[in-house]
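User: I am new to reading structures of this kind, and I would like to learn how to read a few of the features. Could you take me through them one at a time?

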Amino acid sequence: MAGVAGGNDFQWCFSQVKGAIDEDVAEADIISTVEFNYSGELLATGDKGGRVVIFQHEQESKNRPHLRGEYNVYSTFQSHEPEFDYLKSLEIEEKINKIRWLPQQNAAHFLLSTNDKTIKLWKISERDKRAEGYNLKDEDGRLLDPFRITSLRVPVLLPMDLMVEASPRRIFANAHTYHINSISVNSDHETYLSADDLRINLWHLEITDRSFNIVDIKPANMEELTEVITAAECHPHQCNVFVYSSSKGTIRLCDMRAAALCDRHSKFFEEPEDPSSRSFFSEIISSISDVKFSHSGRYMMTRDYLSVKVWDLNMENRPVETYQVHEYLRSKLCSLYENDCIFDKFECCWNGSDSAIMTGSYNNFFRMFDRNTRRDITLEASRESSKPRATLKPRKVSTGGKRKKDEISVDSLDFNKKILHTAWHPKDNVIAVAATNNLYIFQDKIN
Amino acid sequence: MFAKGTKRKFSDPGEEPALGAELGPVVRPLSSTYSLQRQSLLDMSLIKLQLCHMLVEPNLCRSVLIANTVRQIQEEMTQDGTWQIMTQALAAAQCPADRLVATEVLCRPSEALAAAQKEEEEEEVVVAAAMEEDVDSEANPLSSSSFLPAPFGAEPGWEDEEDDSEDEDSEECPSDAEDVPDSRRGDQVFGTFEIKHPAPPPDPALEELFSDVDPSYYDLDTVLTGMQSTPKMGPYDLLDSLSPHAAPALSTGTSCRSDLNELDHIMEIIS
């Protein structure tokens, strides 16, 4: 079967699955974000219960060099707790909306995690040695009187069991009236932006009591509100450039050098609507749920309800590539509106070389598109195909007419099993797919 | 209340254009199927907006998208004249205690609703005379047009069967529907997100209703039928979303205020 990426025929196979197998999924265990760090050594997940779990890639074993190493739990901590806004009498969910890693600068790892209202900078550090041999205390542990100490003894570092500590280093709070949907670290490694439904703020990583508002689309009269911000991201190389997407299917690129308040965009990306396909749901399905720059910085990708689009930053009037994710849902929009699935926010991601893109769908299906060969594949994250190194079988949804063997009909799709969050290793062909409370890791089989 | 993930059949068999399917240019065929579907979509959307009142702040993006959809339907109905017909019919029919009678598929009928349906049938005769098209008895366009001002303006959705409020209502509701300029129809959906925004002109019907407050009105059950959950408020009036019960300042009418305070007091006792 056709593989994706590189032009070589390779196949995706199961590597690991994390999470409980129970049918009864606790709400708190539902994974809400997945992110590899810059080297791909660490993989972080956040869940609805406010916890962050970090997996670390173990080195390949010498016995089985054909197999990439596995990801094992490295650190687990409670990032956010539920809160109560007394002024509005509303709960603030502890669900982790996004995690973004900072580039590594020393032995410790840093990441930003955010819920609806508060962003936190976490430091994850290892401790595998302890100092022994102090002669400052007596046998009972009481500090000795300095006059009693007659010799100088330098403590010795002795190995201990590895301990991974996570500590909150900064808490960036009280800057967002609305729900934070995105955070993005700037290429200067000093600043980052956070976006909610109506505003985008720029922060300095060292400063928690101040942030700069750079975009504000709140109308003077809230009754005139017809459009909200859905996602935002910093350009990977140009620290003055960022983009944000809206619920009306538009993307605005802004240059922070132009003005302090970037309400006026530098570029405006919108595909003209096809009048023949207009319906009452047109606007809803055009709402962009995710926007991601390519690693090269030349392109960006947007995800709306039915498709993924790749845009060239130099061309504003239409995308250069459009990929249909699940076009068979177009005739079901009324039902999907009724059960609220039409509001599901799917994410998308690039592979390390920008030659392929991936996004999720329903029934625990996820889709990959090869930009060079124009081939696409549908795979499923399921327990059934979870045998070690088992090759994933491509799946197909039958769109009416005769249903072939091994195909699944649209009406049999499970809309409760949705893959909203996926991540692609920055260098290797390893992917992480979040299916409700389970994290699946797949990798390519090196032939 | 909406079964997520339910396997659903193609909602639109036959040749009629489905709501989700491609629609032609502005002049649409006003077939009854299409009208019904559009009506059903409108009702569904209004319920969704009302059900935004939860303990956690509602998703602003979702609310905006639903409100835009409602506005779109409203504009289309205005364009093809359905809107005017309905509002005229309302004026003629001396509109009843306004209520939302959404499609039965979406609503769980309460006893009060069942009782109210009796009088609904009476109104229908008048409506049918005024309108040329078929009106489905279930998806009562009367109700939706009278309701439409509601999240945007001032209409209660009481399923109350007290007809003595009819006279007062008749003044209130057509004027609401007609006088309120179009731009305001779509309004008040968003109140103010942070601070509760008082709703526009009160409905005298409220007075009647509050005069014999029955705690059963504030059952979560009746709220879910979309009958009475805070019809005067937009989806962003979050202070009111504390409980499904009507909040203190439902209307700016001073006449209602004392009743509302009493209501509030009663709710405290009950909860």
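Analyst: A residue is called buried when its relative accessible area is under 20%, exposed when it is over 50%, and partly exposed in between, using a 1.4 Å probe and the protein chains only. By that rule Glu273(A), with a relative accessible area of 47%, is partly exposed. This is a predicted model, in which local features need pLDDT of at least 70 and side-chain atom pairs count only at pLDDT 80 or more, while totals for chains, interfaces and linings use all residues. Residues are numbered from 1 along each chain as its sequence is written, chains are lettered from A in the order in which they are written, and side-chain values use heavy atoms, with hydrogens and water left out.

User: With which residue does the side chain of Glu273(A) meet in a salt bridge?

Analyst: Side chains of opposite charge can pair when their charged atoms come close. A salt bridge is counted when a side-chain nitrogen of Lys or Arg lies within 4 Å of a carboxyl oxygen of Asp or Glu. The partner of Glu273(A) is Arg278(A), at 2.7 Å from N to O, and Arg278(A) is partly exposed at 29%. Over all chains, the structure holds 31 salt bridges.

User: Which parts of the chain does the salt bridge between Glu380(A) and Arg395(A) tie together?

Analyst: The closest N and O atoms of this pair are 2.1 Å apart. Glu380(A) lies in strand β27 (residues 376–380) of chain A and Arg395(A) in the loop between β27 and β28 (396–398), so the pair ties together parts that are 15 residues apart in sequence; strands here are DSSP runs of E with at least two residues, helices are runs of H or I with at least four, and both are numbered from the N terminus. Glu380(A) is buried at 16%, whereas Arg395(A) is partly exposed at 23%.

User: Which residues line the largest cavity?

Analyst: A cavity is a set of points on a 1 Å grid over the protein atoms alone where a 1.4 Å probe fits but cannot get out, and its lining residues have an atom within 4 Å of a point. Among the residues lining the largest cavity are Tyr305(A), Phe343(A), Asp344(A), Asn59(B) and Arg62(B). Helix α2 (residues 60–79) of chain B gives the largest share of this lining, three residues.

User: How do the residues of that lining divide into nonpolar, polar and charged?

Analyst: Ala, Val, Leu, Ile, Met, Phe, Trp, Tyr, Cys and Pro count as nonpolar, Asp, Glu, Lys and Arg as charged, and the others, Gly among them, as polar. The lining of the largest cavity has six nonpolar, three polar and three charged residues.

How values were computed
On a 1 Å grid over the protein atoms alone, a cavity is a set of points where a 1.4 Å probe fits but cannot get out, and a pocket is an open set with protein on both sides within 12 Å along at least five of seven lines; lining residues have an atom within 4 Å of a point.
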